[in-house]
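Hi,

Here is the structure I promised to pass on. Have a look at it first, and then read on for what I found in it.

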Amino acid sequence: MAKELADKAKEAFVDDDFDVSVDFYSKAIDLDPNCAEFFADRAQAYIKLESFTEAVADANKAIELDPSLTKAYLRKGTACMKLEEYRTAKTALEKGASMAPSESKFKKLIDECDFQITEEEKDLVQPVPSTLPSSSTAPPVSELDLTPAPAAPAKAKYRHEFYQKPEEVVVTVFAKGIPKQNVNIDFGEQILSVVIDVPGEEAYYLQPRLFGKIIPDKCKYEVLSTKIEIRLAKADIITWASLEHGKGPAVLPKPNISSEVSQRPAYPSSKKVKDWDKLEAEVKKQEKDEKLEGDAALNKFFREIYQNADEDTKRAMSKSFVESNGTVLSTNWQEVGTKKIESTPPDGMELKKWEI
């Protein structure tokens with residue numbers, strides 16, 4: 001029965017009735033989900049309908065079921081090229097060419113991929129225009145595409161959302177209790193293909209062309225009890241405006257201004273910078289070398305003794321000075337610590353209050 005449906009699908013394909021062809025192939029797959037041929041042929045019908053992400057998903061499934069099926073690699077390479085995924089396309093085509101070296105289609109498409117990859121690399125080094133095009137260059141209203149917008153798509157079976165970090169995008173599909181063997185996820189250069197196919201239920205597809213390019217080898221996913229978590233490694237450190245391609249401009253990360261300022265070269269200033277340490281040293285030297293006379297010299301002498309003294313000496317000097325009303329200054333704590341210092345000066349001695 002599945003083969004009969006596949007034959008009808010081929011007839012519809014020859015008649016350019018690609019929607020009918022896809023429908024027949026889908027029914028055949030429902031009856032025989034392990035036939036790689038059905039997936040590879042449905043991928044070709046999807047390509048004709050310009051449903052390229054669906055074509056990539058079917059080609060991947062065909063390769064999974066039969067890694068030696070060369071036309072599956074050809075389908076994947078063709079669909080990826082339509083999505084401008086030239087590196088992913090080239091990898092698939094080279095794999096197919098290694099199994100069918102006499103097939104000229106592979107070489108022709110690989111050469112086209114090489115050309116497009118070279119052009120992409122040239123575009124990366126071209127300078128960005130400094131000015132934006134003037135609004136006066138906008139096309140007249142008569143030239144605008146006034147085709148009515150298509151109707152909103154039907155609500156997806158499972159809800160999904162994403163968030164991002166500078167180096168990765170994390171996509172979460174809220175599918176609860178899905179066995180791991182019923183989940184098929186594939187990564188391309190700018191493609192994510194998620195297929196959840198549980199027997200007896202309608203298959204779920206999430207196959208967007210991504211906003212930015214990713215590194216497939218570094219991408220990974222995990223099937224959990226309540227969700228499927230997919231981690232996409234960004235190829236470029238930019239902020240994605242959305243998950244899907246063409247839904248807003250990319251935003252470059254803000255430069256680290258503080259680090260740039262700290263690395264800015266220093267230029268000589270026209271103003272002289274004062275060396276306060278040097279000035280302080282000079283002042284101290286001047287104070288030390290200053291020659292005083294009379295009471296000023298004696299006060300300076302006592303201050304120097306006090307500043308350089310140990311704790312007992314300082315205590316002795318303070319006590320003797322206070323109790324004698326400034327007439328006695330002793331440095332012997334054992335002598336002054338236990339007796340009262342008389343404040344009356346000796347005969348013939350003038351009363352002085354020395355500063356310490």
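Helices α1 and α2 pack with their axes 8 Å apart, at an angle of about 165 degrees. With anything over 145 degrees counted as roughly antiparallel, that makes α1 roughly antiparallel to α2. Their crossing is left-handed. On the α1 side the contact is made by Ala2, Leu5, Ala6, Lys8, Ala9, Lys10, Ala12 and Phe13, and on the α2 side by Phe18, Val20, Ser21, Phe24, Tyr25, Lys27, Ala28 and Leu31. Sorted by class, the contact of α1 with α2 has twelve nonpolar residues, one polar and three charged.

Before going further, please keep in mind that this is a predicted model. The protein chain has an average pLDDT of 78, and 72% of the residues score at least 70.

Next, α2 against α3. Helix α2 covers residues 18-31 and helix α3 residues 36-48; their axes come within 9 Å and cross at roughly 160 degrees. That makes α2 roughly antiparallel to α3. The crossing of this pair is left-handed. From α2, the contact takes in Phe18, Ser21, Val22, Tyr25, Ser26, Ala28 and Ile29, while α3 brings Phe38, Phe39, Asp41, Arg42, Ala45, Tyr46 and Lys48. By class, the contact of α2 with α3 has nine nonpolar, two polar and three charged residues.

That leaves α1 and α3. Helix α1 (residues 2-14) packs with α3 at an angle of about 25 degrees, and the axes are 11 Å apart. That makes α1 roughly parallel to α3. Here too α1 passes α3 in a left-handed crossing. Ala2, Lys3, Ala6, Lys10 and Phe13 of α1 meet Phe38, Asp41, Gln44, Ala45 and Lys48 of α3. By class, the contact of α1 with α3 has five nonpolar residues, one polar and four charged.

Some residues turn up in more than one of these contacts. Phe13 of α1, for instance, is in the contact with α2 and also meets α3. Tyr25 of α2 is in the contact with α1 and in the contact with α3. Phe38 of α3 is in the contact with α2 and meets α1 as well.

Now for the strands. How many strands does the open sheet with the order β1-β2-β7-β6 have? There are four, with antiparallel pairing. β1 and β6 stand at the edges, each with a single partner strand, so one side of each has no neighbour in the sheet. From one strand to the next, the twist averages 15 degrees.

Going through that sheet pair by pair, strand β1 (residues 160-164) and strand β2 (residues 168-173) run antiparallel and are joined by five bridges. β1 and β2 form a hairpin, with three residues between them. β2 then pairs with β7 in the antiparallel sense over six bridges, and Val171 stands opposite Ile230 in β7. Lys220 has Arg231 as its bridge partner in β7. β6 and β7 also form a hairpin, with four residues between them.

There is also an open sheet of three strands, in the order β3-β4-β5 and with antiparallel pairing. β3 (183-187) and β5 (204-206) stand at the edges with a single partner strand each, so one side of each is left without a neighbour in the sheet. Neighbouring strands in this sheet are turned by 10 degrees against each other on average, direction ignored. β3 pairs with strand β4 (residues 192-196) in the antiparallel sense over five bridges, and the bridge partner of Val183 in β4 is Ile196.

Over residues 130-138, pLDDT stays under 50, and the model has zero contacts beyond four places in sequence for them. Over residues 343-356, pLDDT also stays under 50, but for this stretch the model has 31 contacts beyond four places in sequence.

Cheers

Methods: Residues numbered from 1 in each chain as written. Predicted model: local features only at pLDDT ≥ 70, side-chain atom pairs only at ≥ 80, totals over all residues. Heavy atoms only, no water. Axes fitted to C-alpha atoms, helices over the stretch in contact; angles between N-to-C directions. Helix = DSSP H or I, 4+ residues; strand = E, 2+ residues; numbered from the N terminus. Parallel < 35°, antiparallel > 145°, perpendicular 65-115°, else oblique. Left-handed = near helix turned anticlockwise from the far one by under 90°. Contact = heavy atoms within 4.5 Å. Nonpolar A, V, L, I, M, F, W, Y, C, P; charged D, E, K, R; others polar. Pairing = 2+ DSSP bridges. pLDDT = per-residue confidence, 0-100.
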